[in-house]
Amino acid sequence: MFCSSQLQRSFFIITTTAAIILASLTLNCSASSTTATGPPQCSKGDLSALLRFKAGIIEDTSGRLKSWNGTNCCEWQEVSCNNQTGRVVGLLLPGLISGDDFIADTQMKGTISESLGDLQFLEILNLEDLKEITGYIPSSLGKLHRLKKLILDSNKLNGSIPLSLGNLHNLEELYLSQNGLNGSIPDIFGGLRKLRILDLFTNQFTGRIPTSITGLRNLTTLDLHGNLLSGSMPLSLGELRFLQTLDMSDNSLTGSIPDSIGMLSNLSILYLFSNKLSGSIPSSIGNMRSLGFLRLEENELSGVLPSSMGALVNLQRVYMSNNKIGGSIPPAWGNLSSLTDLYLKGNRLSGSIPKSVGELSKLQFLDLSHNYLSGSLPKELSELSDLQKLDVSFNNFRFVTVPTVIFNLTGLLQLSLAGCGIEGGIPKGLSTMPNGLSTLDLSSNSIAGTIPTWVGKMTGLYSLNLSNNALTSTLPEEMRNMSNLGVLDLHSNHLTGPITPAFSMQSPFPSGLLETVDLSHNKFTGSIPSSVGNQNGMQQLVVSHNSLSGAIPSTLGSLAQLQTLELNENHLSGRIPSAFVNLTSLLQLNLSHNSLSGMIPVGGLLQKFPISSYSGNRGLCGNPLPAC
């Protein structure tokens with residue numbers, strides 16, 4: 001299964017590769033039109049090299065290698081020859097095959113023969129996404145001095161990058177990503193002056209990024225993400241003036257972001273997330289006028305948000321969550337006229353949200369949660385008609401009531417105001433939002449009173465979190481109308497009565513949509529309804545610390561995707577249903593401190609949980625408890 005980005009990149013490689021070969025062959029054909037009398041004849045040396053390559057492939061689900069018969073390899077499928085010389089110039093065997101009306105995902109199993117190094121006139125070698133190609137990258141490929149494209153990504157190659165690849169002075173594109181390559185990135189790329197694309201992501205490379213990479217002045221794409229690289233970023237990265245994509249995310253890089261990065265005026269994508277980078281974000285970043293996508297989250301960055309970034313009018317998405325950035329949100333960021341996503345959660349930002357946020361007319365997602373922001377939501381926020389998500393949870397806000405500006409956000413779908421000092425009841429206006437909310441989080445406030453009956457009108461709601469408040473009512477029967485509800489969290493309130501309404505939704509799907517339900521730490525009574533077993537997608541069910549009684553319904557044993565089941569600290573009685581042996585996805589089980597009796601059913605995962613999962617049930621016995 002391919003994601004859309006993989007498909008697009010594969011199509012780009014296939015189509016551009018074919019275009020280069022076609023252009024090359026057209027020119028050669030034109031030059032020799034007076035002498036050419038038929039298809040070019042394959043040279044004996046190239047024929048031998050290809051046959052040895054074929055011998056190293058033990059499985060080909062595409063069937064393309066079956067056409068490799070006879071002595072003229074220029075007639076073989078996926079082999080391209082120069083019309084004048086008959087020498088092989090292209091070998092294109094990607095795993096993803098596309099035509100006018102089909103896409104086929106194929107694979108080959110085997111190794112890459114050293115014989116490919118004998119294809120002296122080869123310009124393009126594409127063995128991308130064959131999935132089961134193993135072994136080392138042949139060092140003989142360093143003899144292919146005419147090679148322009150080397151595409152070996154998405155296989156199971158291992159070992160290190162051969163030093164001989166440093167001899168490929170005509171190489172323009174190198175794709176080695178998504179393999180099992182290891183060792184350090186060799187200091188061989190500095191001499192590959194024509195290289196435009198260097199893709200080494202998702203391997204196991206270690207060590208530092210060689211500084212010689214900054215000598216690749218024609219480089220447009222440098223992707224090293226998903227490795228084990230350490231050390232600092234090269235200080236002279238700014239020398240890569242033509243760079244458009246730079247991705248060093250998901251490594252263990254340390255040190256600061258070099259100031260020279262501001263010289264990358266053509267850079268559109270900068271991904272440095274999930275590293276250990278520290279220090280301030282350089283103000284020179286404001287000079288990167290082509291920047292459209294910036295991801296710096298999951299680092300240890302400090303300092304303040306640069307005001308200079310307000311000049312980045314092409315910037316569409318900014319992710320800086322989970323760092324140590326302090327100070328205030330610069331008012332100048334109101335000039336980011338193209339911004340759609342702004343994620344600053346989990347930092348140390350303080351002060352108020354600037355009024356200029358109302359000028360971000362294209363903003364769709366705003367997450368400022370888990371900071372130290374204070375004051376009120378600016379009324380200018382209501383100008384953001386495209387805003388779909390607003391999360392200002394867990395700051396120093398003391399709203400008392402849900403801010404009225406919220407009700408003017410006509411496009412809002414996801415609202416999170418957890419830990420914002422809200423008191424009183426739940427305002428009815430939340431049920432009449434123009435687009436209908438899909439996510440509502442009012443947890444960790446001081447909301448009291450009842451869960452209103454009009455909650456049943458929120459039929460588009462997928463996630464409802466009212467946990468850790470002071471609600472005192474029963475669950476309204478109108479909850480059955482919440483047909484799209486998938487996540488329900490009401491834990492740590494003072495709710496009473498039966499829990500049946502939480503499982504009575506009239507879902508458009510027979511198996512239901514509920515995935516997570518947490519009703520723990522309340523005062524619920526009655527039994528666990530058997531209808532819980534109809535929620536086939538349930539992954540977490542937590543109803544502990546209540547006063548539930550009666551038997552555990554056997555229907556729970558049909559919840560094949562259930563990972564967490566917590567029924568502890570209730571008054572449940574009877575036996576553990578034998579159907580529990582069918583809960584093969586279970587990771588956490590707690591049935592302790594009830595009045596359960598009988599033998600623990602044998603089978604499945606039940607004997608793998610600790611004694612604490614069953615303790616406090618005087619009549620219960622059997623492994624892992626003492627024998628009956």
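A pocket is an open set of points on a 1 Å grid over the protein atoms alone, where a 1.4 Å probe fits and protein lies on both sides within 12 Å along at least five of seven lines; lining residues have an atom within 4 Å of a point. This is a predicted model, with local features needing pLDDT of at least 70, side-chain atom pairs pLDDT 80 or more, and totals for chains, interfaces and linings using all residues. Residues are numbered from 1 along each chain, and side-chain values use heavy atoms, without hydrogens and water.

The second largest pocket holds about 180 Å³ of space. Its lining includes Ser369, His370, Asp391 and Phe394. Strands E31 (439–441) and E33 (463–465) each give two or more residues to that lining. Strands here are DSSP runs of E, at least two residues long, and helices are runs of H or I, at least four.

| Class in the lining | Residues |
|---|---|
| nonpolar | two residues |
| polar | eight residues |
| charged | two residues |

Now the sheet. Seven strands form an open sheet with mixed pairing, in the order E1-E6-E8-E10-E12-E14-E16. E1 (57–60) and E16 (228–229) are at the edges with a single partner strand each, so one side of each has no neighbour in the sheet. Strands pair if DSSP finds at least two bridges between them. E8 (131–135) and E10 (156–159) pair in the parallel sense over two bridges. Thr134 stands opposite Lys156 in E10.

Met320 touches residues including Ile281, Leu294, Trp333 and Tyr343, leaving aside residues up to four places away in sequence. Contact means heavy atoms within 4.5 Å.

Technical notes. Points joined across faces, edges and corners; volume = space filled by probe spheres on them. Nonpolar A, V, L, I, M, F, W, Y, C, P; charged D, E, K, R; others polar.
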